[in-house]
Amino acid sequence: MDANSPPPSPAPPAPPVFRLQGVGKRFGHQWVLREIGFEIAAGERVAIIGPSGAGKTTLFRLLCAVLPADAGQIEVFGQPCAGLRGRKLKRMRRDIGVLYQSDNLIPQLRVVHNVLMGRLGRWSLPRALISLLWPQDLPAARAALERVELADRLWAMPGELSGGQQQRVALARLLVQQPRVMLADEPVSQLDIRLGREIIELLSSIATTLGNTLLVNLHTLELLQGHFQRVLALKDGRLFWQGPPAGLNRELLRELYGTEYQALYLEESADVR
Amino acid sequence: MDANSPPPSPAPPAPPVFRLQGVGKRFGHQWVLREIGFEIAAGERVAIIGPSGAGKTTLFRLLCAVLPADAGQIEVFGQPCAGLRGRKLKRMRRDIGVLYQSDNLIPQLRVVHNVLMGRLGRWSLPRALISLLWPQDLPAARAALERVELADRLWAMPGELSGGQQQRVALARLLVQQPRVMLADEPVSQLDIRLGREIIELLSSIATTLGNTLLVNLHTLELLQGHFQRVLALKDGRLFWQGPPAGLNRELLRELYGTEYQALYLEESADVR
Amino acid sequence: PVVANASQAPDKITIVAIPDDSADNMRQFFGLIARHIEDATGIPTEYVHVENYAATVTALATGRAQLAWFGAVTTAQAYLMMGDELEVVAARDIDKEFISYFIANADAGIPPVNDLAELAELVQGKNRTFTFGSKSSTSSHLMPRSFFADQSGQRPEQVFRTVAYSGSHDVVLQKVANGEFHLGALGQPPYDRASDELKAKAPIIYTTPKFTNYCFATRKSLGQETIDQIHAALLGLHESDEGRQALDYLKSEGFVDADMSEWMGYVELLKSGVDIGN
Amino acid sequence: MSADQLADNTSGSPRTAAGDKFPNPSPLPEKRPWGPWAAIFTIAVLLVAAFTSAEWDFTALTDPDQRRLALGRMGAWLAAFAAPDFSAEFLRHCWALTLQTLSAAVIGTGLAVVAAILLAMGSARAVSVGEEELTGWHRLFPLRSPTALLCSLCRIIQDILRAVPDFVWAVILVAVIGLGPMTGALALALNITGILAKVYSELWDSVDERRYEQVRVAGGGRLAVLFYGIGPLAARSVQSFTLMRAECAIRNAAVIGAVGGGGLGADIWYQIQFGAWDKVTTLLLFTLALTLSADLLSNFIRRQLRSDPNHPRAARHQSVAWQLARSYIGVGAALAVAVWSFWFMGWGDNAPPGQQARNFLLPALELLSGEAWQHIAFFERMLRPDLEPAFVLTVIQSASVPLAMALVGTLLGVLAAAMLSYPHSFSFMWESHQFTGEAAPWWLKLPRRLQMVLARLTGLISRGVPEVMWAFLFIAFFGPGLLAGTVAIAIHSAGVLVRVFSESIDNIPYRRFEQSFSGSRPTCFGLVAVPTAWRDWLTYAFFQFESNVRTAVVLGIVGAGGLGFQFSFNFEWFRFEKAATYLLMIIALTVIIDRTSRLLRFSRV
Ligand SMILES: Nc1ncnc2c1ncn2[C@@H]1O[C@H](COP(=O)(O)OP(=O)(O)OP(=O)(O)O)[C@@H](O)[C@H]1O
Ligand SMILES: Nc1ncnc2c1ncn2[C@@H]1O[C@H](COP(=O)(O)OP(=O)(O)OP(=O)(O)O)[C@@H](O)[C@H]1O
Ligand SMILES: [Mg+2]
Ligand SMILES: [Mg+2]
């Protein structure tokens, strides 16, 4: 689709996309992530689950190197991301696409500019500036918006969109960016079930066809099935469990989400499995 | 609990909380709500569902009378809400508590002030201002935060909280406000399943014990069961269907969310019902 | 100091003047003088009104203006900047014996005094307020101040409760007449021009000894020939119609010869670091 | 079960981890914030210091006899204004001046905006330094990285640019390019550059980093982050402040006249100096009219650029094309004014009184020739400040009076502006129904709108009338002294601040108010609008304090002396060595106040 996204080269064993070792992060005196260690191979599709406040968003911010880790080491594409700066950082960022949980859009910029922001890593600065006056690469923006069913909102301001529509615009940006790794922080939280499912399907199909790596934060557990190869569960800032989606069971979930856990549906669906 | 919230008087047949007739709303030339008509009785618990962009949030904004309707008539507590002002407006505002989909908190104010904002309808201006320096009614704020499991974050800034925690703070504000009607726009979208369930349970139990009316916008259909007496489904700005939760079936949902609808879970659970 | 190497006639003469009267007046009457000089020398001449003392000196010193109407202090300042490059062309007859007035509000109950030591004694500790004109002015600040210091042995700040700078001669008169300040100092011509009503409300209590004041100064690099032409034009100011109007405004009979040496006293004064109120 | 096995195989087994390395203090200590109290305490201490360090004379207020006399004087003084000079000739004169002022001020501001954006890119930490791993106080060291050094350098440059009064720039420029309105305009530009760059960089820095993290992550470099993230997010405040400064420049650009141009500001200053009050009144009326139209025009521009979809005007929007066109109309209107200004300065009928019209743009070209710069040597002595200890002590002491006056004056001004910004705010007085849902009948709307018009007029007059005039008015009442000067400063500050204060409130999207409206507009204002705009308010208030400390003219007129006055005094007497010492002190104060204001952004008030 894009000349810039390199095909997965099979010859040398590709380094893992992410490798974390004993990673910790604290705000003030409070450690919100502790001793996180895992590896994510290229092309893997991984879901991250965990109760509210477990540290999922913080983990994502560490992975895309906007926050420095306070302990341990993070390697991205085989390179330690601690000392990255300037051009290298930019190249790395270009390859990592992030969808945030909220405030994904700049409210003062029209949808088209918000979507084309995905191109920033590839464009030269002048081109990026010109684009603010005369949008560059409009077809790409239009195509991406079409995939999230918002083609007619190209010129709208974010404030005119409903909550779900805004999240979809942010998704379109991710599609325009075509990164090697996609991190999506609750991409479907404000979407209805059909759209949520379709967006997840879209993400995972893109990941499959392009060989991209995909990390998704999810609260809707029923979307796990079929789309992800691995689940990481965070609790209280620690890696609580990891395994295939099928491995999730009732006790595990009860322990993960707290002892008072009494969700009817999950018991049922766990039985179904 | 609060002297100001009148006990539901049984003597005269209480007027419906909301009565809508042929209500329409447009932005620019675009009608986003059309011919909406329904009634909601005092003490009812109603869920509103519909695809993204269907007009749910806009409907809520009409119900709490911050947007004027462009067609039709809205009555709140038996009074047309078109000509409201001054003291009456204030009383109405106090009695309708709203939880918005996003941007619920003032990012520049600490959690405690955000929560106490629920009291503003009751406080005089000087007291409200003093509260910024010396929080008034701190126990109420603390109690409310405890109910959403955030008691230790009383003095935090909203930016220090995770997405789900922010939504819970907004909920605490609603608890402090103790309104007669609660409108909640996707209160659980960013919460994990356990917490989501508990919040819905909290809302509906408060509604039941206090005889309050509850309107909730939901995307997570499995939370409908047991907590709501009625479901309103919006599609493309029209009232598409209303009925008891049990009445939701596969065809209906397929039609509501679009023809390509193929959610596995719903088919199954519809069978289960 | 810039050495005068190219002494050819300038293709244009710009006149500046220190801003010690209302802009309208100055534009009108210095405009007349400019026209007179243009007629006499045949060089296009223009008066540019500049509302800043330092800017006038800078303009002449850096060759942005060719002819400047300076007060005594500004002449000395210009001399300090330019050295012998500065040449005084002419001065008014009255400039050789200039005087300043100390005035007091009529209701303040301050009688005329014989010297400033007496005044200092009279107002000492009485919470009197005093205003000079502009801080850069000779006749409404420097000379009154130095006479006061010489005669009473004290700085004005030690005697008066407040010492302010109202901005110009006219405002000094107005403020003292209104009673906003008890006393003030200003030059002679602005006081003489004022209405009798104002004068009655702010009578003179002391007249200073005579001192040298304003002059027209120019740059040597203009060339002796041009300077002579200007000199002649100024001395013959009363011969033209516009010249007479201007002289009338300047309260003078005509211009006379003048030489830098007559202002060297001020140069010495400035070099000695005279008290200017800080 | 396979799941259990998997769980046991995970590297960091959760159930056993003791977490020694990551101790969490639990339970969380409940830390009640002490920031607000510290702030209140500091202000109280400073106030006490201000009142004890200088002599304040309140007799005109307390003594009934004095009060009667004072009122009489004030009345007489006001009466002097009651007869404006409306002769046809003078009106023509005023009109010509108006055009000149407009052109020179717009050129000055226009150049300043361009220069300030460039400079602010260097001096905004968020732009020039960008992402940093350091946090907290480590960020205060300029030597921590080359970019941080650049940032500090730019900040010093902008501090110097605004600490040096514009007339000094003008005198320096006279040496370089000669006399004329363009010289004044350039001097104005230098000074305004310092002002705008400071405020821009502070506004940019005060945007929450979380909000533009997305642009960084998309792969944008620091400049892309500025143009796609920080810029748009701060655009409204930046616009408001720029337009406000443009208005100020138009109003009181006396410097244009100081070096041989013409203009309203300069002319008012002349006429004030020579006590021609009838003309002053006429000129003031012209200034106010000009200010008012500048105000209206800037509102128009703002509205075109404002892109709040929940705004009523936007809701009536037409086609997409029209919506897009609106921003071009806004930019176009601003550009048209700028182009006209250059045309006028170059080829229009632009003669300052008593001069022929000519192309005043040409002298500026001399800036390009190295020759002109030789004259700078003229000011070389400025580089050798007089550092004799006794004198330095005098210099330091002379800072106390301006500090005391500026502190009290600014506080009063901020207070008044805060009170006035409620009736002054368009969103709360004119369009409140957009977010309250209130259906106000005309008899309710009318008084509100009247209130707003009155508040705006009050603001307009208190900032439109020069500080010097206020000083004169209050000298008539209080007599010369600190009090008169302070009240003058307070009134002027209030006028300037109320505009930016209320605009920063009008810049908040209505959706924000709508979601937090609890039935009473004042409450919404106090608890939602003000906290949201608070950081911008602080920026503006600190800036005003800083410039009040530098105020020289007023201090001279009320006989209070002080730093700025002594500086210009010594400069005008060509005592450059002494002037340089005073200037160093002024710059030091400016830097201190500026850095304090920036430090406060780390804290949450
Ligand atoms: N800037 C900050 N300062 C202090 N604490 C913070 C900050 N950011 C996050 N935290 C805390 O870190 C913890 C983890 O936050 P994070 O946003 O990663 O949670 P999350 O797993 O994404 O939760 P959610 O599902 O609710 O979004 C929370 O307790 C939060 O309060
Ligand atoms: N200010 C506005 N200007 C123009 N169109 C708007 C505006 N506000 C909302 N809309 C449009 O109205 C429609 C309904 O929006 P609304 O926010 O009510 O949807 P919603 O049902 O809440 O969707 P979601 O579940 O995604 O939050 C959307 O198509 C939206 O784009
Ligand atoms: Mg999160
Ligand atoms: Mg919505």
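I take a residue as buried when its relative accessible area is under 20%. The model I am reading is predicted.

**Entry 1: positive phi in chain D.** I found F574(D) in the loop between α29 (563–572) and α30 (576–599) of chain D. Its relative accessibility is 6%, so I log F574(D) as buried.

**Entry 2: positive phi in chain A.** I then looked up F77(A), a non-glycine residue with a positive phi of about 50°. The loop that holds F77(A) runs between β4 (71–76) and β5 (79–80) of chain A. I log F77(A) as buried too, because its relative accessible area is 19% and the cut-off is under 20%.

**Entry 3: domains of chain A.** I noted two domains in chain A: domain 1 (13–95 + 181–273) and domain 2 (106–178). I read 25 Å between their C-alpha centres. In the contact I count 17 residues from domain 1 of chain A and 15 from domain 2 of chain A.

**Entry 4: the interface.** I have about 1,400 Å² buried between domain 1 and domain 2 of chain A, with 60% of it on carbon and sulfur atoms. On the domain 1 side, R94(A), Q190(A) and L202(A) supply 35% of the buried area, more than any other three residues. I looked for salt bridges between the two domains and found zero; residue pairs in polar contact number three.

**Entry 5: the domain 1 side.** The elements giving two or more residues to this side are α2 (86–95) and α7 (193–210) of chain A. I note that α7(A) gives the largest share, seven residues. By class, I list nine nonpolar, two polar and six charged residues on the domain 1 side.

Definitions and conventions:
Residues numbered from 1 in each chain as written. Chains lettered and ligands numbered in written order. Predicted model: local features only at pLDDT ≥ 70, side-chain atom pairs only at ≥ 80, totals over all residues. Heavy atoms only, no water. Helix = DSSP H or I, 4+ residues; strand = E, 2+ residues; numbered from the N terminus. Buried < 20%, exposed > 50% of the residue type's maximum accessible area, 1.4 Å probe, protein only. Domains from an automatic or database assignment. Contact = heavy atoms within 4.5 Å. Buried area = accessible area lost by both parts, 1.4 Å probe. Salt bridge = Lys/Arg side-chain N within 4 Å of Asp/Glu carboxyl O. Polar contact = N/O pair within 3.5 Å; in protein donor to acceptor, adjacent residues only side chain to side chain. Nonpolar A, V, L, I, M, F, W, Y, C, P; charged D, E, K, R; others polar.
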